[in-house]
Amino acid sequence: MAREILFDLGKMITDRLPQKFGLKKLTEEDPEYILLDRSLESDEQAEIMLKMGLRKPKTLEEIAKITGKDPKHVEELLEKAACTGAVEYHREYPDHVKRYYVQLFVPGIAEMTNMVRWQFDKYPEIGEQFNKMTFLPLEGKTHLIPPGGDGIGMHVIPVEKAINAQNQSLPIEHISHWLDKYNKFSVGYCSCRNARRVKGEGSGEIQDDCCIGLGDYADYLVETGKGRYITKEEVLAICQRAEENGYVHQTTNIDGSDKIFGLCNCDLGVCFALRTSQYFNTPTLSASAYRAHVDKDNCVACGKCVEVCPAGAVKLGQKLCTKDGEVEYPKQELPSGLKWGKDKWNPNYVFDNRKNCHESGTAPCKTACPAHIAIQGYIKLAKEGRYLDALKLIKQDNPFPSVCGYVCNRRCEDACTRGSLDKALAIDEIKKFIAEQDLKSADRYIPEFIRRRPIDKPYEEKIAIIGAGPAGLSCAYYLARMGYENVTVFDRNREPGGMLVMGIPSYRLDRSALKGEIEVLEKMGVKFRMNTEVGRDVTIEQLREEGFKGFYVAIGAQKSSRLGIPGDDLPGVMGGVEFLREVNLGSKPDLGRKCVVIGGGNVAMDVCRTAVRLGAETTVVYRRSEEEMPADKEEVAEAKAEDVRFRFLSAPAEVVAEDGKVTGLKVEIMELGEPDEKGRRRPVGTGKFEIIEADSVLSAVGQSIDWGGLDVGAMKTGNKGNAIADPVTYQTEQDDIFVGGDVYTGPKFAIDAIAAGREGAESLHRFVQEGQSLTIGRNLREFYELDKENLVIDVDSFDRPARQEIRHDPAKARSFEHDRLTFTEEQVKAEASRCLGCGVSVVDRNRCIGCGLCTTRCMFDAIHLERDVPEASNMVRCEDKVGPMLRHAVRQTVRVIRKAK
């Protein structure tokens, strides 16, 4: 049976105008009723609250008098209501007497009822009612609210250090002003995050202590069990960690410019206060007086400001002019002069605000790199000699810059705009130099922890990484950086590195560089259990019993594909991957005098060059022409320089043997036909055959996945044995198993696996934390390349200076030692000076909410806040909001009429 008195009480408190003025009756299904019903155990409490009025603080004696009840009885009822969040109190008047009052639903009752843990656990539906009370009263009205918020909800307050001293700021625009004003502080968990969590809609930002109470409100929170006292220094530490995590500072905005009672640290994906401005596309509702401005000369499109912007106001664009002039970027419409209806809203704001790039494109190097490293940024830092800063920037997106400096396939260089003028930048060589400075340093750089929570506490959940290759190591790195202290990497080999150790020859990848970068993971707390094959020595089910909550399977494609021709199982025939593993483990397989390598990819180049180093006269057989050969051109050139022979347009038909020993490879002569789906011309047999003399045959025609005895439960695999998983989250049908790297994509490059490992870490973090969505608020890291055909570039850039040449150590030629010399510092600076600086960050100030988070990420002094909208600091009491709102609404209406005419 409905509690009738709650309808009257809800009507008194609500901000929904039809219900407030009796035009529409409240029902038992309305959030006002549900919140009061779950937090008030008796109708007598509601009766008292009705007589207290809305936001009219009264002493116990005053309340007893107007209700005609015994003061002790009234106190008992009010204290219970205060503990459940339905009533608040303070002692802020000069006499310091405790006064009770009925607060708004938002901010107020809706939050407070959600902050009572036992109550929320008993009535989880109050989370959704909180959600509704932040939305329904403002639906269709936010465009009528003047800058400053007009005494409604919450208001953005900038990162303090982002406020330039030259700006004529007001004291109320500084967090320090409010911390100096009050001498008591408390902290409690976030009611928004909590409400999202119970619906499984968290965005990976955990609800730990992040909402700060100030002054008498702090006493109320602590005394009613909703928080704990903290010092001013602890407040500052929480705010600092919030900024590191990209949380927006917001203050309560219903008491005018002399009072706030709450300071929150809000995340775009979960915050209901940010939602009110972003969903309705009216950012001025909560925005501060400041807007971000980019200094194009300093900006290098590193994208770090973009990643942290909660409003989607900053996106990557291009600095270079087109043939039609500078690119003009779209701007968010604002309500001024426009009829603002549902067609202007953006229900998809959580995802849209995480878009990184304008569709017209940005720097090609960043776009082409699978890890989307801030290439333009670290090149500028290298040019300035800021090598440690350059390393720090790189390691935000790639934990293994030294490894990639040796073995990356350099898609960034293939895409480099400079390459269309003369020669692309030697990006990889610059990165290798930067990483080498750290490897040589006695004081190695250990990345700082950026915990996805506002408290300085590590995550205790245990996560297992199965496979110590680049994907698994990358996943472990990013989990460790998030503060997970129980990340364990399992691998059947004796040392970590996977195919970096077992599949890449030492003359291409210096083992000390790989070891040095893995040591950083160990110092970050990652544990390694080597010589342990999951599925044989221990099962996933046993690991679950040990307490592991999530699994990342990154076992790679570590087995060579069969040739599928007669004689491919003879002694003397060996897979290229297995051959490289044996050599890298210290063996020297007997290849005889002549060796034939079948294949045309990079593995084939590694195999043939390794065979040469073992003394074999080596021939590569490939069924297409050299032009169609997928191997890196530099690798092919180096193989030829080492006297490797090539037989193109030759397809293996049979391994020839006498007395069980390989004597040759029979090949069919091919011709090229029509292009296949990848654009390469198909080889067509001529019916003519030849035999190539050989004592051994090494196959490098592809790789397959060896699942061994791995117990992957409900996980499914495709026709080629690769794992099937969600393309964004990498989650498999077995929900606690995620995959990445070659085991999912098939054979690719180290940088692809590194990028996949980062996404795996993000998914695992969200999975092991209760109530977190794997996708909400996730940065999909999609980038677009600018149109290189439509650029105006200064002719003085051509061949000035020339690309620095890679040098080799002749003493190490054809040995198993790495012979490619690292650039000198002079070469690095000269090469870095060739960068055209294609990209730039672009701010849409119509979207900007002036939080200042972008400034905390910039290493280049390229983005700043300016006090563009001083009227946004007009803070009014909620009781006084009608006048300013009506005046603003009239002005808006007049503009709409004028524009229509």
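## Exercises on a predicted model

An open sheet is built from three strands in the order β1-β3-β2, with antiparallel pairing. The model is predicted: local features need pLDDT of at least 70, side-chain atom pairs count only at pLDDT 80 or more, and totals for chains, interfaces and linings use all residues. Residues are numbered from 1 along each chain as its sequence is written, and side-chain values use heavy atoms, with hydrogens and water left out.

**Exercise 1.** Find which strands stand at the edges of the sheet.

*Solution.* Step 1: strands are DSSP runs (E, at least two residues) and helices likewise (H or I, at least four), numbered from the N terminus. Two strands pair if DSSP finds at least two bridges between them.
Step 2: β1 (58-59) and β2 (88-90) each have a single partner strand, so one side of each is left without a neighbour in the sheet.
Step 3: β1 is joined to β3 (residues 99-101) by two bridges. K58 has Y100 of β3 as its bridge partner.

**Exercise 2.** State how many residues of α18 are buried, and what covers them.

*Solution.* Step 1: buried means under 20% relative accessible area, exposed over 50%, and partly exposed in between (1.4 Å probe, protein chains only).
Step 2: seven of the nine residues of α18 are buried. These are I375, Q376, G377, Y378, I379, L381 and A382.
Step 3: contact means heavy atoms within 4.5 Å. The cover includes α17, α19 (387-394), α21 (411-415), α22 (427-440), α32 (825-832) and β27 (839-843).
Step 4: after α18 comes G385, with a positive phi near 80 degrees.

**Exercise 3.** Locate H372 and Y730 and decide whether each is buried or exposed.

*Solution.* Step 1: most residues other than glycine have a negative phi, and most peptide bonds are trans.
Step 2: the phi of H372 is positive, near 50 degrees. H372 sits in the loop between α17 (364-368) and α18 (375-383), and counts as buried because its relative accessibility is 11%.
Step 3: Y730 has a positive phi of about 65 degrees. Y730 is in the loop between β25 (703-704) and β26 (737-739), and its 14% relative accessibility is why Y730 counts as buried.

**Exercise 4.** Describe the peptide bond that joins V106 and P107.

*Solution.* Step 1: the bond is cis, with omega about -10 degrees.
Step 2: P107 belongs to helix α7 (residues 105-114).
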